[in-house]
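Hi,

Here is the structure I promised to pass on. My notes follow below it.

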Amino acid sequence: MQENLRNIKANQIRDVLRYAKKFKNAKIVIYLDDEVIDSSLFLSHMQDIALIHEAGLQIAIVPGARRRIDQILNDSHISCSYHNGIRITDDTAMPLIKMAAFDVSNIVMTSLAAHQITATIGNWVRARSKGVLEGIDYGTAGEIDKLQTQAILNTLESGFVPIFPCIGWNSSGKPYNISSVSLAKKIAISIKADKLFFVTKSAEITRENFTIPNKISFSKFEEVPAMDLDELEQFFTENKNIEPENVSKIKIISLLHAAGEACKNGVTRSHILNGSLEGSIPCEIFSDLGSGTMIYSRDYGGLRTMTQQDIPAVLSVMAPFIHKKILLPRSSQDLLEKLADYIVYEIDGCIRACAALHIYTDGQAEIAGIAVSEDFSSLGIGPKMVEFLIKKAQLNKINSIFILTTQTGDWFQHLGFSESNIDSIPQERRAKWTPKRNSKVFRMKL
């Protein structure tokens, strides 16, 4: 037990070191929802952001200010209305809106200063009036017209943290109230960010909260850990009829739309993070599964043929299954001799699963050595590997695939295999079968 715990801890440390190297000098845009800023975890999140900045990542922050603006307008007895989620006021409200937006930005800047991080609030956003749409005059609401991208990049490269209030100015200096979510998205696209974070309160994408398409996998916490852009479109289709009064769900859907648009326009990965969880930001950066839902434009994990350099990692993935007697022991030499038979599943440069297809001369093939790291067992990697190996067998004109197992028969039956008998497998494989282990045979005809 102690050895197993040590291995888990060692792998966690390796993940942190690997991602620290991978994201050195990476550009990260973080949208902080105002509910998170007002929460008891705000200072903890800011401490994490400071540590991440000190680790060499370049960070830009866009704080939400809706609640603060509403509060100041209400205290000043200035009325406002909302249409399609956009605040509508007349020009008399704009000085107070500016004050509220800069108040929130100053709170963020002050909290970074407590960790000796230099932040700056700049005028990098050109905006224009939203105008009148379908008869609705949007008053002081604005649209982002242009960002001073080079100035933002220079600020990041100088080691400062730029903070963006939800205010933009037109060419003559007139201010407009703009969407913080849209601003975070546009900044991330403009600077070609490696990651865009939307940190908001209680943002959980689960079966309980949403209708999840069948092919989307879940983490061990029953959350959706990742969706590519095709899966995201399926998700939107399944959840297109959310009731207007369900504000929290609509909010998450809008963040997912922004995340998807960012990825379509060059941002490597976007993330919806639960700001109600301590440590959610570093967990998302420095671990494979993170702590929220990632949107990506290309697969961050994938299948490939095993190489000789992968053998130590593959043996490490197999070790717990060998210990439980699910798999037979294998040595480095065993894997080397069958190198071309094995595939691995790699996530961000780390081997998390493996499997093999052994082809026999009588037209049969065996799927063997399937192992998936425990933390990734709920992501559907096992079925993906089996499907890949079945297609590989078909390309090699194999007419029948079999597996030998003592404990995973139900799993293979779920994948379409049927129980068979030991006499049906090739003689050279049957010679290695022992009554002591008494493995059962399951087969799929192609």
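How many helices and strands does the secondary structure of the protein chain come to? There are 15 helices and 23 strands, taken as DSSP runs (helices H or I, at least four residues; strands E, at least two) numbered from the N terminus.

Before the rest: this is a predicted model, where local features need pLDDT of at least 70, side-chain atom pairs count only at pLDDT 80 or more, and totals for chains, interfaces and linings use all residues. Residues are numbered from 1 along each chain as its sequence is written, and side-chain values use heavy atoms, with hydrogens and water left out.

On the overall build, the C-alpha atoms fill a box of roughly 90 × 45 × 35 Å along the principal axes. Of the 446 residues in the protein chain, 48% are buried (under 20% relative accessible area; exposed is over 50%, partly exposed in between; 1.4 Å probe, protein chains only). Among contacts (heavy atoms within 4.5 Å) with a separation of 6 or more, 70% are between residues 24 or more positions apart.

Q58 sits in strand 2 (residues 58-63). Q58 counts as buried because its relative accessibility is 15%. Leaving aside neighbours within four places in sequence, Q58 touches N25, A26, K27, I28, L156 and E157.

Now the cysteines. A search of the whole structure turned up 0 disulfides (pairs of cysteine sulfur atoms within 2.5 Å). For C80, the closest cysteine sulfur is in C166, 13 Å away, so too far for a bond; C80 is partly exposed at 30% relative accessibility. C354 is buried at 0%, and its sulfur is 12 Å from the closest cysteine sulfur, in C350, so again too far for a bond.

Cheers
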